[in-house]
Amino acid sequence: MKRIKNLKLPFNKKTAIIILAVICLMSILTVTAFAAGDVSSAIESTWNAAKGQIKTVVNNVVFPVVDVVLAVLFFVKIGTAYFDYRKHGQFEFAAPAILFACLIFTLTAPLYIWGIVGM
């Protein structure tokens, strides 16, 4: 019990009252900002204008980059699995099979992904 009585706080009661008063004044004096006009229609029109560009960029840039990365990883994993086979006599199919499935998924994704997303 003696330790708790002698506990020193980093601030005293006067500092705590000043901090609470500043917080109360800040909450009272703040003004809520409202948007002028219909914000949702502005966002919707911007989305409709950019939808085609987003689809083009994703189809022509994002999916091919992901495909190349997965293909490189797949062939590297096939190579390391072959060398492990030569060393240990057992071929591990799990990692190359998963990478191959992901590669097939991303290669065919542009055909059906936009129907799922709703574009």
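**Exercise 1. Is Thr106 buried or exposed?**

Work with the predicted model above.

*Solution.* 
- Step 1. Locate the residue. Thr106 sits in helix α4, which covers residues 94-117.
- Step 2. Take its relative accessibility. For Thr106 the value is 10%.
- Step 3. Apply the cut-off. Buried means under 20% relative accessible area.
- Step 4. Conclude. Thr106 therefore counts as buried, at 10%.

**Exercise 2. Find what Thr106 touches, leaving out residues up to four places away in sequence.**

*Solution.* 
- Step 1. List the partners. Thr106 touches Phe63, Val66, Asp67 and Leu70.
- Step 2. Leu70 belongs to helix α3, whereas Thr106 belongs to helix α4.
- Step 3. The Thr106 side chain reaches the backbone oxygen of Leu103, at 3.1 Å.

**Exercise 3. Turn to Leu70 and describe its surroundings.**

*Solution.* 
- Step 1. Leu70 has a relative accessibility of 13%, so Leu70 counts as buried.
- Step 2. Set aside neighbours within four places in sequence. Leu70 then contacts Leu99, Cys102, Leu103 and Thr106.
- Step 3. Compare sequence and space. Leu70 and Phe100 are 30 residues apart in sequence. Their C-alpha atoms are 8.1 Å apart.

**Exercise 4. Contrast this with Thr32: where does Thr32 lie, and how far is its C-alpha atom from that of Ala49?**

*Solution.* 
- Step 1. Locate Thr32. It lies in the loop between α2 (13-29) and α3.
- Step 2. Judge exposure. Relative accessibility is 57%, so Thr32 counts as exposed.
- Step 3. Read the distance. Thr32 and Ala49 are 17 residues apart along the chain, and their C-alpha atoms are separated by 31 Å.

**Exercise 5. Identify the residues of the nonpolar surface patch, then examine Leu73.**

*Solution.* 
- Step 1. Name the members. They are Val57, Val61, Val62, Val65, Val66, Val69 and Leu73.
- Step 2. Give the area. Together these residues have about 530 Å² of accessible area.
- Step 3. Helix α3, residues 39-88, contains Leu73.
- Step 4. Leu73 has a relative accessible area of 43% and is partly exposed.
- Step 5. Link back. Val66, a member of the patch, is also among the residues that Thr106 touches.

**Exercise 6. Describe the whole chain: how many helices and strands does the chain have, and how spread out is the chain?**

*Solution.* 
- Step 1. Count the elements. The chain has four helices and zero strands.
- Step 2. Read their order. Along the sequence the pattern is α-α-α-α.
- Step 3. Compare with the globule rule. The radius of gyration is 30 Å, well over the 14 Å that the rule gives for 119 residues, so the chain is more spread out than a compact globule.
- Step 4. The C-alpha atoms fill a box of roughly 75 × 60 × 20 Å along the principal axes.
- Step 5. Check burial. Buried residues make up 10% of the 119 residues.
- Step 6. Finish with contacts. Of the contacts with a separation of 6 or more, 63% come from residues 24 or more positions apart.

Terms used
Residues are numbered from 1 along each chain as its sequence is written. This is a predicted model: local features need pLDDT of at least 70, side-chain atom pairs count only at pLDDT 80 or more; totals for chains, interfaces and linings use all residues. Side-chain values use heavy atoms; hydrogens and water are left out. Patches are made of residues with over 30% relative accessible area and no salt bridge: like charges are joined within 9 Å, nonpolar side chains (Val, Leu, Ile, Met, Phe, Trp, Tyr) within 5 Å. Accessible areas come from the Shrake-Rupley method with a 1.4 Å probe; for residues, only the protein chains shown count as cover. A salt bridge is a side-chain nitrogen of Lys or Arg within 4 Å of a carboxyl oxygen of Asp or Glu. Helices (H or I, at least four residues) and strands (E, at least two) are DSSP runs, numbered from the N terminus. Buried means under 20% relative accessible area, exposed over 50%, partly exposed in between (1.4 Å probe, protein chains only). The radius of gyration is taken over C-alpha atoms; the globule rule is 2.2 Å times the number of residues to the power 0.38. Contact means heavy atoms within 4.5 Å. A polar contact is a pair of N or O atoms within 3.5 Å; within protein, one must be able to donate a hydrogen and the other to accept it, and residues adjacent in sequence count only if both atoms are side-chain atoms.
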